[in-house]
Amino acid sequence: GPVTKAIQDAFFGIVRGEIPATVVLQDEHALVFMDIGSVNPGHMLVAAKPHVENLQGMAAELAGAMFRSAARAARAIEAVFRPAGISVYQANGAAAGQTVFHAHIHVLPRWENDGLTFTWPVKHPSREELERVAAQLRAAL
Ligand code: AMP
């Protein structure tokens, strides 16, 4: 809808430097800024400078640079908040929870019982099954 469209436009505008945001760090590959929907104080987004929708679309150099910035952001969180933990979250596709279709990595401080929950429905595939899937994946690299 129109609200979703406005959010997308704002986000793309931010990485292009056309719309103001609270920027923490940037280099030629990535812009790190505060998330307006922060789960905890210190919640930052590492957004790709070029328009790329998701992780699958990132060239090797961009992918490396994005994670380098995420690590710097995490060290800043550590220094400022001394949190109980730090989470990194990166969604690709609506089914994975992506709401803004311009690639970004969430980096946020974590506290015991901070209300961020995630269900992780573990399966226990056989070694044979793991080998079968791994063979498909290796062939696709
Ligand atoms: P995701 O669900 O991973 O696609 O996350 C999108 C994130 O972008 C959410 O956490 C929003 O709070 C955040 N966000 C959306 N628009 C803005 C904006 N204009 N400035 C800062 N953060 C934003």
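This briefing walks through the fold, the ligand site and a handful of residues of the structure above.

The model is a predicted one, so its local features need pLDDT of at least 70 and side-chain atom pairs count only at pLDDT 80 or more, while totals for chains, interfaces and linings use all residues. Residues are numbered from 1 along each chain as its sequence is written, and side-chain values use heavy atoms, with hydrogens and water left out. The protein has 3 helices and 5 strands, and the ligand sits in the largest pocket.

**Overall fold**

- Along the sequence, the elements follow the pattern α-β-β-β-α-β-β-α; helices (H or I, at least four residues) and strands (E, at least two) are DSSP runs, numbered from the N terminus.
- Taken along the principal axes, the C-alpha atoms fill a box of roughly 50 × 35 × 35 Å.
- Of the 141 residues of the protein, 33% count as buried; buried means under 20% relative accessible area, exposed over 50%, and partly exposed in between (1.4 Å probe, protein chains only).
- The protein has an accessible surface of about 9,200 Å², and 60% of it belongs to carbon and sulfur atoms. Accessible areas come from the Shrake-Rupley method with a 1.4 Å probe, and for residues only the protein chains shown count as cover.
- Among contacts with a separation of 6 or more, 53% are between residues 24 or more positions apart; contact here means heavy atoms within 4.5 Å.

**The ligand site**

- The ligand is found in the largest pocket. On a 1 Å grid over the protein atoms alone, a pocket is an open set of points with protein on both sides within 12 Å along at least five of seven lines, where a cavity is a set of points where a 1.4 Å probe fits but cannot get out; lining residues have an atom within 4 Å of a point. A molecule sits in one of these if more than half of its atoms lie within 2 Å of its grid points.
- There are 15 residues around the ligand, and Asp35, Thr99, Val100, His104 and His106 come nearest; a residue is near a molecule or strand if one of its heavy atoms lies within 4 Å of it.
- Helix α1 (2-15), strand β2 (30-34) and strand β5 each supply at least two residues of this shell, and the largest share, 3 residues, comes from α1.
- A polar side-chain atom of His106 lies 2.7 Å from an oxygen atom of the ligand.
- A polar backbone atom of Gly97 is 3.1 Å from an oxygen atom of the ligand, and a backbone N or O atom of Ile36 lies 3.3 Å from a ligand nitrogen atom.
- The protein covers 84% of the 510 Å² of accessible area that the ligand has on its own.

- Gln98 lies in the loop between β4 (85-89) and β5, and counts as buried because its relative accessible area is 5%.
- The side chain of Gln98 reaches two backbone oxygens: that of Glu53 at 3.0 Å and that of Val100, also at 3.0 Å.
- Setting aside residues up to four places away in sequence, Gln98 touches Glu53, Ala91, Asn92 and Gly93.
- Glu53 lies in the loop between β3 (44-48) and α2 (60-81); with a relative accessible area of 43%, Glu53 is partly exposed.

**Arg110 in strand β5**

- Arg110 is part of strand β5 (residues 104-110) and counts as buried because its relative accessibility is 18%.
- Its side chain makes a polar contact with the side chain of Ser87 (2.9 Å). A polar contact is a pair of N or O atoms within 3.5 Å; within protein, one must be able to donate a hydrogen and the other to accept it, and residues adjacent in sequence count only if both atoms are side-chain atoms.
- Beyond its neighbours within four places in sequence, Arg110 is in contact with residues including Asn40, Pro83, Ile86 and Leu116.

**Loop residues with positive phi**

- Arg82, in the loop between α2 and β4, has a positive phi of about 45 degrees although it is not a glycine, and is exposed at a relative accessible area of 58%.
- Asn113, in the loop between β5 and α3 (127-140), has a positive phi of about 55 degrees, and it is not a glycine either; at 81% relative accessibility, Asn113 counts as exposed.
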